[in-house]
Each structure stands twice: as C-alpha cells, then as structure tokens.
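Hi,

Here is the structure I promised to pass on to you. Have a look at it first, and my notes follow just below.

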Amino acid sequence: MAHLQQIDMPSFPGRPPLSLTCIESSPFAENSYVLARTDRGTCLVFDPGFEPDAIIEVIEQGGLEPQAILLTHGHSDHIAGNAALKAKWPDLPILVGESEAVKLIDPEQNLSRGFGLELVSPPADRTLSDRERFELAGFVFEVHEIPGHSSGHVAFLVWPEEATDGPPMVFAGDILFRGSIGRTDFPDGSFPMLASGIRERLYPLPEASLVLPGHGEPTTIGHERTTNPYVTANDDGPADLN
Ligand SMILES: [Zn+2]
C-alpha cells in the first residue's frame, strides 16, 4: 500500500497557495510527488513509481488537472507509473533530461531487466537540456544535469512564477537524500561526478531550499550542506564509495 504524506512548505512573500503530496510506493520506497497550484486546480507529477493508482487518487480527490510528468531519471522505480498515467490522461506530456530519455524504453538501462520485469514507459514527449529554464503550469523550472547516480539524471529547481526570488523547491531524485546520497555503483555511476555536481549545483542554493528526494524524508540544502556525511561542502568527503 502506498504511503501518503502532505509536505509542509515554507511560506515566503508572494508565494501562491500550493500543495505537495508525497506518494511513497512499494517495493523500493520510491517517492512520487504531486505538486499542485490549488488556486488554479492544476498539478504536476514527479517520478510516478510502482503505485500509480494512489497518484491518480490524489489527483482526482484534489479535483486537479495534471499538466505534465517530470522525471528526474529513468530508473524503473521512478518511471513505472508513466504508462498508467498516460492511459488515464493521454495528452499528459513526459519530460526528462535529454541524456536519460533512452532509459524509458530500454529495460536493460532502466534496471528493470535485473528484476525480471522488462519494464518500459511511453517515450519522452520532450527532452530537457542542462541549465534550461522553462515555465510550466504556473511554475518556473531550472534544469540541472547532475550525473553520478544515473548518467542523465537531472534535479529540478522549481519556483511558483510569482515568487522566483524565494528559495526553490529542489526535486532531487536519487542525487541527494536526507543524510545520504544516491548509490553510484551502477554501470554509468560515478561518485566523483555525483559529489562535484552536488557541491557545484545544489549546495550553493539558499539554505532554506526544500529538497524533495526520491527516497526518504524531505530535507533542506542548509541541513545537507552542514551535516551530510557523504558529500561535505568544501572538501572531498570520504573516499570513493565504490
Ligand atoms: Zn535511481
């Protein structure tokens, strides 16, 4: 059974009413998120996992119109719900980093073959490049490609379009967790790349920036920059985890 959690978001001047629901799905305890502009009745879905029915229920019970699926990366536990959401809302576009799109349609690369699943997703409708900024459904997005867990993994920095001066929400997938980082022992993994990406792209963000990881509890940039044991702010941290 999926576990649902409403995420508290820090308020700051000019921020419109939002809601953020985390749907943690079995069997990999993967976090899918539904981010809604409650003033508009629209929402976005991040990383739909193995329990899409729970995601659909959150959207329908909120009376929300989904606008897009955004994928941090193409591992199977983050894309397994794409087909069900597309079946329900055929026009819902799938957005993913340009170097990661191939994983959606390749069971070897999305790691499902290793579990005997042969899972594929509908293909990407739009691919995103590093540092691209775009507006979608009342939000401003900035894309940061941070390889190391998966070669085309992106983090999404997200602001409501009326409040781009405030700290962003950071949909971090399997880059950065509360007190941990994503594993780097996959064929396209690299601890040095993951560590330098976190240091150069994420740690400089405002300390109040809310981090929504692909597994585990939310955290903040400030908390991880000062306490994360795997990637510290200024030095090389521990030896290569590989
Ligand atoms: Zn992953």
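Asp47 sits in the loop that links strand S4 (42-46) to helix H1 (52-61); helices (H or I, at least four residues) and strands (E, at least two) are DSSP runs, numbered from the N terminus. Asp47 is not a glycine, yet its phi is positive, about 50°. Asp47 counts as buried because it has 28 C-beta neighbours inside 10 Å. The cut-offs are 20 or more other C-beta atoms within 10 Å of the residue's own for buried, 12 or fewer for exposed, and partly exposed in between, with C-beta atoms placed from the backbone.

Before you go further, please note that this is a predicted model: local features need pLDDT of at least 70, side-chain atom pairs count only at pLDDT 80 or more, and totals for chains, interfaces and linings use all residues. Residues are numbered from 1 along each chain as its sequence is written.

Glu118, in the loop between strand S6 (94-97) and strand S7 (126-128), also has a positive phi, near 50°. With 11 C-beta neighbours inside 10 Å, Glu118 counts as exposed.

Another loop to check runs between strand S2 (18-25) and strand S3 (30-37) and holds Pro27. The Ser26 to Pro27 peptide bond is cis, with omega near 0°.

Finally, the strand pairing (at least two bridges found by DSSP between two strands). S8 (residues 133-136) and S9 (residues 139-145) are antiparallel, with four bridges, and Arg133 is opposite Glu142 in S9. Their hairpin has two residues between the strands, and Ala137 there has a positive phi near 55°. S9 also pairs with S10 (residues 154-160), antiparallel over seven bridges; Phe139 has Pro160 in S10 as its bridge partner.

Best wishes
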